[in-house]
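Please open the model in your viewer and follow the stops below in order. Each stop says what to select and what is there.

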Amino acid sequence: MKTVRENGESENMREGSLKHEYGTERSVSITVEEMKSFYRYMHCCQLLHSGLCRDDILQKEDGPLLAAQIGSELQKQFAILPGGRGINGHPVIFLPDFPAFSELPEEELQNVLRYLTSVPSTTASEVGFILIIDRRLDRWAAVRATLLRIGGSFPANLHLVLVLRPTTLLQRTLSDILFKYNRDEFKMKVVMLSTVTELHAYIDPGQLTTDLGGTQEYHHDSWISHRTAIEAFALMVKTVAQTLQAFGTELAETELPNDAEATVELLQEHTLKKDTMKTDLKVALSQGGRLLACINEPLQADAEYNMTQDEMENLATVQRLMGQLDETETAFDDFWERHRTKLEQCLQLRHFEKHFREVRPQLDVMYERLSGFSEISISPAHAEHVLRELSSHEERAYELIDLALSLANEGDRLIENSHYAEDSIRPKCTELRGVCEEISSTLRSKKSLLLRALELHHSLEKAFQWCEEGIFLLANQPVDRCQSQDGAEAALQELERYLDTAALHTITDRGAICCQYEAVLNPQLRDHIDKVFQKQSSVQEMFEKRRVSLKKLAAKQTRPVQPVAPRPEVKSPLSSPNLQRKDRRFSADSALCKKGESPVHNGSTRHASLSEEEENLAVLRRHVMNELLETERAYVEELLCVLEGYAAEMDNPAMAHLIPSTLQSKKDILFGNMPEIYQFHKRTFLKELEAYTDCPELVGRCFLERMKDLQIYEAYCQNKPRSESLWRQCSDCAFFQECQKKLEHKLGLDSYLLKPVQRITKYQLLLKELLKYSKGCDGADDLQEALSSILGILKAVNDSMHLIAITGYEGNLSELGRLLMQGSFSVWTEHKKGHAKVKDLARFKPMQRHLFLHEKALLFCKRREENGEGYEKAPSYSFKHLLRMGAVGITENAKGDNKKFEIWCNSREEVFIVQAPTTDIKTAWVNEIRKVLTQQLKACRDAKQQKSSDSASPNATSNNTSVSLSPFRQKNQKKQDEKKLEPNLTSEANSCPSPKQKGWNKPSLSADASEENDGFSSGEDPMNSDTEDDVVKKLAPGKYTVVADCEKAGPQELSVKSGDMVQLIREGEEGQWFVKNLRSGRDGWVAAANLLSLISESKSSQSLSSSDGSVSGNLSTSSSCSETYTSFSDIKP
C-alpha cells in the first residue's frame, strides 16, 4: 500500500505481520477499494489546501497579513481598495485626502499597501495597479512627498498613478511648473489631473466611488468586516485541510494491534479524533454558509445590484471552498468507514485468536488425557474406576468440543463477511474441527473398549462368584444331614439346583471369549481368564465328586438292625485332646461307621471328607487373599488420587489464588508422610503380596519381613491431629472444592486422609481370617506372629497418640523406654510420716489419673477433655507424678475390692492405691508390672554373676556390701505394727536360703534399681525358677472361679462365663486341660495357656501348686492376705 504525503510523494506502508502460536502469520491485506478511498480522500485534502493558495487568499509563504491583524491601520482609511478596475482590468487603489499622511509611520503605510495589494487575485496583481491620489485640498509639497514615498515603497506592480492636484490657483500653478521639473525623480508614470472628469477618461465611472464621481457604493466598515470573515473562513478551511490530511495519513499508517484490548483502545481513540474532525468540518461549512449569505446580501436586497470584481472573486472563492469541503467530507466519511470496518474486523480477529489460543491448548490437553486412558483394565474395580474417570472427562470434553465448534462457526461467519484475514481464519477453523473429530473419535473408542472390558470383567466375576458360592455351598453342607437317605437326597437336589444355574453364570467357550474381547485383552487378563476356567473346572469336578458320593448315599438301602450291641462311644474326660480333635474332624465318618459300613469304606469316606475340608479351607484362604490384593490395589489408587488431585495441586501456580493463607506452605502438615506410605505400598508391599497369590497361607512372612516398614503409619497417625485441625480450618475453601470437583469425588478430602488409618486396622482383620482358615498349615505360625505384630503396631500407634498429648513433663519421654500400657484409673494415695501413716485429704474421694507404664518409669497424668470435633476433641494429659520402676513394688490385691492393687515405693512410705475399671484390666496391668520387675531382677542377677566371675579372690564377695533377694512373709498387720516389719524384712533379705526353701504362700518379686549397690550376693536367687511361664506350665487339678469370658473354638471345647465355678480334672496332650463347668454341668477341653487369665481360686482357698511343690501361689484374694511384689531397693540393710 502507498500513502501520500503533503508534497504528493508516496512511500511504502508497513504491513502488520503478527506471529502467534502454532506457527502461522497474521498479515494485513489492503484492498484496491481501500487504496482508492485513501487516495481520493488525500487528494481532496490537498485540493482544499492548495485552493486557498490558488485563490490568493493565503498565498504568502511567509505568512500573509490579515485584516484582523491591521484593523486599526485600515480603520484610518488613508488607503482603500474599493474593488474597481481600470480599462484593462487594472485593480484600483484609492488614497483619499488624508492631511496627516506625511505623519504616518512607514510600517503602517507598508502594512496597509501590502495588504491591499494582496487582496486581488494574482492575475490582476500581475497586470499592475492604478493608484488614485486625491490631493485637491493639499499643497504641492505634500503631493510631491506622497509621490516620492509611494514610489519608494509600493509593494506591487504599479501601472499608473493618477493625482488629483490641488485646486487652489497658487498650488495648481506651482504643481504644473514643479511637476514638469521634478517628473523624472518620481520613477513611475504619474498623470496630473485637475478635475474628476479627467479621471473618467482613465477609469469608468462605474468602477469609481461616489467620492470620485462614480456610481459604486463603498462602505469601508462593511469591506473590513467582509475581509475579516473571508480570511477567518480561509484560515479555518486551511486548518481543517491540514488536520484531515494528517489524520488520514495517521489512519493509513496505523499498524493493527496485537491484542483485543489495544484494538479497542485504538478504535476508541480514532473514533474520538474522527468526531473532532467531523465537528470541525461542520463548523467550517456553517461559517462558509454564513459568509455566502453575507456576500449575497446586497443581491438579496437589490436584484439590480452590480458586484465589484473583488466581490465576485470572493463569492467564487467561498463557493469553491464550500464545494471542496463537501467533497472532502464525503471522502473522509468513506475513508473512515473503511478504516473503522478494518479496526472492527481486527477486533473480531483478535477475539477469535484469543479464544483460539485458549481453546486449542485445552483440546490438546484433553486429547492427551483421553489418549492416556488405558482401555485395558486389570480388574472390574479398575475398569469401573477408569470408566468413571473417562465419563467425568467426557462431559468436559464435549463442552470443549461445543466451544471449539462454536468458535469455528464464528470464523466461518467472519469469512462470509469478507474479513481481511480470511487466509488466517480458515486454517484455524479447519484445525479446530479436525481436533474435535479426533477427540470425539478417541472418546468413543476408549469408552467402547472400556465397556467391553467391563463386560468381560463382569462375566469373569460372575463366573468366579458362582464358583465361590459353589465352594461355599459344598463347605457348608452339614455332614450329619447326609447320614440319612432323605438328607443325602436333599443335599443332592440342592447341588443339582445350583448346577442348573451354571449356564447363566459360567463361561463355556474360552476361544470365543478371547476372540470376542481380543481388543481389550492383556497378559494379566488372559491369565485371569485361564484361572477362571481352571476354577470352573475344579469346582465342577468337586461338584461331580460330591454328587457321586451323595448319589451313593441316597441309593443305599437301609440294612436291618443286627442283634449285636453297637460299639460304645465313650467320652472319657481323661482322653487325649488329640483324639478329641480327630473325633471332631471325622464326626461324619464316625456316624457313617455307626450305620454299618465296612471298615474299608469307612476309611475311604474319611479320606474323602478330609480332602474336601482341606480344599474348602484352601478356597476360603484364596478368597481372603483375593480380598487382600483387591483392597490393596484400590488403596494404592486412592493414595495416588489424593497425592495427584490434592497435594500436587497445592504446587500448581494456576490454583495458587484459591489456596487460603492458613494453608500456604502446610502441605506436609495436611498430608503427613502419605507420599512415603504410597511409595512403600506401590513399589514394595503390593508386589510382594502379589507373589503370595497362590500360597496365601504363607503371606504372614511378607508381613513379618515388612513389619519395620509398616511402622511408618505411626508417624502418620501422630500427625493426624494436626492434619485434622488444619483441615477443619480450611475445609470450606475454594481450593478443596475445586479439587474435589475435578476428581468428581463424592466424599471430601478428610475421608481420604483417613484411609491410611483404616488400612492399617484392616490388615489385622484379614490376617485373622487367614489364620482362621490356615490351622495346621505351614505358615500358620507366621500368620499368628504377623497378627501379633500388627496388633502391636496398632497398640503402639494408639499409645503414641496418647503420648504426644502429655503436657507439663520436662524430661524426654523416649528416655523412659518403650510404652507398655496406658489407661485411666481411680487413684488414692498414702504417705508415711514418722511412725504413722497420713492419708491425703482426698483419701475417700479418688483422683482420676491416666497411667502410662514405660519400661523404666510409671507416669501419673490428669486427663483433660478438649472441646471440638474429631481429633480436636482428643484429650490431653497433664503430667502429675513419676515413679521409677527400679524403686517400685506392687501388692496385687488390696483390701475391699478385687479391682484394686497397690503400687508403692520407699518401704511403703508412698503408696498409690489403684482401682481398675474391670478385673481383667487389673490382671493385665499387674502381670505387665510383674514382667517389668522380673526383667529388672534378671538384669540385676546377670550383673551380679558377671561381677562374681570377675572377682580376683573368694573373699572379694565378703568384703563388699551385698544385698540378695529372699522370699519372706508379709502378714496383714495393723498400721501401728508396720514399723516393726522392716527389721524382719532386712534380716530375711540378708539371709541366703537354700533352694529347697523357695516356696511361699504370698510370693514377692524384687527388682533392684538402687545406684548405690555395686554388687550382688553370689547366693542363689530364690526367684530363678519362679517365672510366669513356670506357673503356667504347672497347673493343678482343683476347683476355680472364672474371672473372664471364653468362647469355645470347636465342638469339643468348653465355653465359660465370668463367675462360673469350674473344676480342672486332668491335663491332656498338647497343653490341653479337661475342665468341667460345675454351673452348667458341661465339660470340654481348654488350653492351659488360657487358664491363668480365665480362672481364680475358689473361696475355699484351694491352692494352685506346681507338680514338685516348689511354687505355691494364691490366685484369689482373701481378706487376710495379699500378694506383694516388692522393689529390691525397698529392703533396707
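## A tour of the model

Stop 1: Select E744, which at 43% relative accessibility counts as partly exposed (buried is under 20% relative accessible area, exposed over 50%, partly exposed in between, with a 1.4 Å probe and protein chains only). E744 sits in the loop between helix 25 (734–743) and helix 26 (749–753). Helices (H or I, at least four residues) and strands (E, at least two) are DSSP runs, numbered from the N terminus. The phi of E744 is near 60°, a positive value in a residue other than glycine. Most residues other than glycine have a negative phi.

This is a predicted model, in which local features need pLDDT of at least 70 and side-chain atom pairs count only at pLDDT 80 or more, while totals for chains, interfaces and linings use all residues. Residues are numbered from 1 along each chain as its sequence is written, and side-chain values use heavy atoms, with hydrogens and water left out.

**Stop 2: another positive phi.** Go to Q77, in the loop between helix 2 (71–75) and strand 5 (92–95). Q77 is not a glycine, yet its phi is positive, at about 60°. Its relative accessible area is 34%, so Q77 is partly exposed.

**Stop 3: the cores.** Select L670, F671, V699, F703 and F736; of the 62 residues in the largest nonpolar core, these touch the most other members. A nonpolar core is a set of buried Ala, Val, Leu, Ile, Met, Phe, Trp, Tyr and Cys residues joined through side-chain atoms within 4.5 Å. Helix 20 (residues 599–647) gives the most to this core, with 12 residues.

Which residues does F671 contact, leaving aside its neighbours within four places in sequence? They are V642, Y646, A647, M650, Y716, L749 and L753, where contact means heavy atoms within 4.5 Å. A second, separate core has 50 residues, including A79, F94, L116 and L164.

**Stop 4: a helix pair.** Show helix 12 (residues 380–416) with helix 13 (residues 422–476): their axes are 9 Å apart and they pack at an angle of about 160°. Axes are lines fitted to C-alpha atoms, for helices over the stretch in contact, and angles run from 0 to 180 degrees between N-to-C directions. Helix 12 is therefore roughly antiparallel to helix 13 (an angle over 145 degrees). The residues of their contact divide into 23 nonpolar, five polar and 10 charged.

**Last stop: the whole protein.** Zoom out to 33 helices and 25 strands. Of the 1133 residues, 45% count as buried.

Note on methods:
Parallel < 35°, antiparallel > 145°, perpendicular 65-115°, else oblique. Nonpolar A, V, L, I, M, F, W, Y, C, P; charged D, E, K, R; others polar.
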